[in-house]
Amino acid sequence: NVPNPERIVAEAARLVRPGGVVGFHEADFVSHLCEPPSTAWDTLLSTYLTLFSQFGIDLHVGRRVPGMLRSLDLVDVDARPLVHLYPPGHPRRSILIQFIGNVREQLIGSGLLDEATIDQLVGEVEHHLADPDTMVVSHLFIQTWARKPY
């Protein structure tokens with residue numbers, strides 16, 4: 001069953017009383033990167049995005065939520081972007097590797113990557129992230145809220 005963000009947003013808005021506020025904290029993978037760049041990182045990330053798009057899951061949904069709320073005739077729609085830096089030692093520094101581990105079997109089963117390629121790419125990213133001069137930027141988080149009119 002593929003999540004339907006439009007239905008989820010509409011249902012949340014429906015549950016809010018008149019005058020109440022509905023809010024979301026959603027991800028958008030537009031900014032998930034490392035500097036200096038890594039080809040292995042880029043390959044893992046683009047393959048991860050491709051896998052999810054094959055299942056109809058939009059990993060860029062955060063940018064669409066404000067428009068969804070406006071389409072429901074909610075008012076005072078506002079949004080705040082949040083981006084984090086993950087320094088050495090931060091538990092989310094290697095989140096891309098963790099994400100890949102979570103969907104490893106699906107990546108192999110879909111034919112997007114084979115086992116040896118995943119191992120090679122993950123090893124390259126781990127090596128890259130071990131360099132304290134590598135900066136890791138989180139994916140974009142968008143906090144969005146709106147009020148239901150009276």
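The protein exposes about 8400 Å² of surface, and carbon and sulfur atoms supply 55% of that area. Accessible areas here come from the Shrake-Rupley method with a 1.4 Å probe, and for residues only the protein chains shown count as cover. Of the 150 residues, 37% count as buried. Buried means under 20% relative accessible area, exposed means over 50%, and partly exposed lies in between, with a 1.4 Å probe and protein chains only.

A word on the source. This is a predicted model, where local features need pLDDT of at least 70, side-chain atom pairs count only at pLDDT 80 or more, and totals for chains, interfaces and linings use all residues. Residues are numbered from 1 along each chain as its sequence is written, and side-chain values use heavy atoms, with hydrogens and water left out.

Next, confidence. pLDDT is the predictor's confidence in each residue, from 0 to 100. The protein averages 95, and 98% of the residues score at least 70. Helix α1, residues 5-15, has the lowest confidence, at a mean of 94. Helix α6, residues 115-130, has the highest, at 98.

Now the layout. Along its principal axes, the C-alpha trace spans about 55 × 35 × 20 Å. The protein has 6 helices and 5 strands. Both are DSSP runs, numbered from the N terminus: helices are H or I with at least four residues, strands are E with at least two. Starting at the N terminus, the order reads α-β-β-α-α-β-α-α-α-β-β. What about contacts along the sequence? Contact means heavy atoms within 4.5 Å. Among contacts between residues at least 6 apart in sequence, 83% join residues at least 24 apart.

On to the sheet. Three strands form an open sheet, in the order β1-β5-β3, with antiparallel pairing. β1 (21-28) and β3 (75-82) stand at the edges with a single partner strand each, so one side of each has no neighbour in the sheet. From one strand to the next, the twist averages 15°. For that angle, axes are lines fitted to C-alpha atoms, for helices over the stretch in contact, and angles run from 0 to 180 degrees between N-to-C directions.

Two strands pair if DSSP finds at least two bridges between them. β1 and β5 (residues 140-147) pair over 8 bridges, in the antiparallel sense. Look at V22: A146 in β5 stands opposite. D28 faces L140 in β5.

Is H139 buried or exposed? H139 counts as buried, at 4% relative accessibility. Leaving out residues up to four places away in sequence, H139 touches A27, D28, F29, S31, H32, L82 and F99.

The structure holds 4 aromatic pairs. Rings of Phe, Tyr and Trp (its six-membered ring) pair if their centres lie within 6.5 Å; planes under 30 degrees apart count as stacked, over 60 as edge-to-face, and the rest as tilted. Take F29 and Y48. Their ring centres are 6.0 Å apart and their planes stand at 40°, so the pair is tilted. F29 lies in the loop between β1 and β2 (33-35), and Y48 in helix α2 (residues 39-54), so this pair ties together parts 19 residues apart in sequence. F29 is buried, with a relative accessible area of 7%. Y48 is buried too, with a relative accessible area of 7%.

F29 also pairs with F99, tilted again: 6.1 Å centre to centre, with 50° between the planes. F99 sits in helix α4 (residues 95-102) and F29 in the loop between β1 and β2, so this pair ties together parts 70 residues apart in sequence. F99 is buried as well, with a relative accessible area of 15%. Which residues make up the cluster that ring pairs link? They are F29, Y48, F52 and F99.

Last stop, α4 itself. I95, L96, I97, F99 and I100 are buried there. What do the buried residues of α4 pack against? They pack against α2, α5 (104-110) and α6.
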